[in-house]
Every structure is written in structure tokens, then in C-alpha cells.
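Subject: Structure handover

Hello,

Here is the structure I said I would pass on.

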Amino acid sequence: MEMGDTPKSLLDALGAKIQLLMARCDALQKDKSQLRQRLDECEQTISVLKAQQEMLQIKYQRLKMAKALSGNDEDIKASKARLNKLVREIDKCISLLNE
């Protein structure tokens, strides 16, 4: 305690510091809430993308089966290439969301 400090000035300074801490706490709680909401949105997006990936995998398997029954290799190669590209894009999206 300095010589010129009175108990009232010390209490005022303490009160100001407490108000500052409370304001910081409120800001952090708001940030936390926003981050939780963003996390929930990302988890929902991941879930949707995983479902789409599974659906594309099923379609890809069906296409492979159709290839075995079909004789036109060029169409099948082009279809496979398109499907592979879509699957890679979905995998990239999922990996970005998981970061």
C-alpha cells in the first residue's frame, strides 16, 4: 500500500479490475458459445458428407458391377473417372472439416 492510497481508492481500483475481469469473462463465454455452435455445424456437415460418400461408394460399386455386365470400356472408364473425382472431392472436404 502506497502512502497516498486510501482504502476507498484501493476498493475503487479493485472494483474496476473486477469489472474488467467480468467483461473479459463474458467475452470469452460468448466466444466459447460461438465456437461450440460452429463445431456443431461442422459436425453436421461432416455427417452429411459422410452419408454422401457412403452413397457414392454404393453407386460406384453398382457401376463396377454394371461394367462387368457391359461391353463398352470407354463409357465405363469415363464414368469411373467422374466417380473417382467426386469421391476424392468429398474426401478432401471431409479432411478439411476434420482439421
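The notes below go through what was found in the structure.

This is a predicted model, in which local features need pLDDT of at least 70, side-chain atom pairs count only at pLDDT 80 or more, and totals for chains, interfaces and linings use all residues. Residues are numbered from 1 along each chain as its sequence is written, and side-chain values use heavy atoms, with hydrogens and water left out.

Helix α1 covers residues 7-69, and α2 spans 73-98. Helices here are DSSP runs of H or I with at least four residues, numbered from the N terminus. The largest nonpolar core has 7 residues, namely L49, L56, Y60, L83, V87, I90 and I94. Both α1 and α2 supply at least two residues of this core, and α2 gives the most, with 4 residues. A nonpolar core is a set of buried Ala, Val, Leu, Ile, Met, Phe, Trp, Tyr and Cys residues joined through side-chain atoms within 4.5 Å. Buried means under 20% relative accessible area, exposed means over 50%, and partly exposed lies in between (1.4 Å probe, protein chains only).

Leaving out residues up to four places away in sequence, L49 touches I90, C93, I94 and L97; contact means heavy atoms within 4.5 Å. L97 also has its C-alpha atom 8.2 Å from that of E43, although the two are 54 residues apart along the chain. E43 sits in helix α1 and is partly exposed, at 45% relative accessibility.

Salt bridge

The count is 1 salt bridge, defined as a side-chain nitrogen of Lys or Arg within 4 Å of a carboxyl oxygen of Asp or Glu. D12 pairs with K8, and their closest N and O atoms are 3.5 Å apart. The two are 4 residues apart in helix α1, so about one helical turn separates them. D12 is partly exposed at 46%, while K8 is exposed at 57% relative accessible area.

Surface patch

L11, L14, I18 and M22 make a nonpolar surface patch of about 400 Å². For such a patch, residues must have over 30% relative accessible area and no salt bridge, and nonpolar side chains (Val, Leu, Ile, Met, Phe, Trp, Tyr) are joined within 5 Å. L11, in helix α1, is exposed with a relative accessible area of 58%.

Cysteines

There are 0 disulfides, a disulfide being a pair of cysteine sulfur atoms within 2.5 Å. C25 is partly exposed at 36%, and C42 is partly exposed at 24%.

Regards

Definitions and conventions:
Patch = residues over 30% accessible without salt bridge, like charges linked within 9 Å, V, L, I, M, F, W, Y side chains within 5 Å. Areas by Shrake-Rupley, 256 points an atom, 1.4 Å probe, with all protein chains shown as cover.
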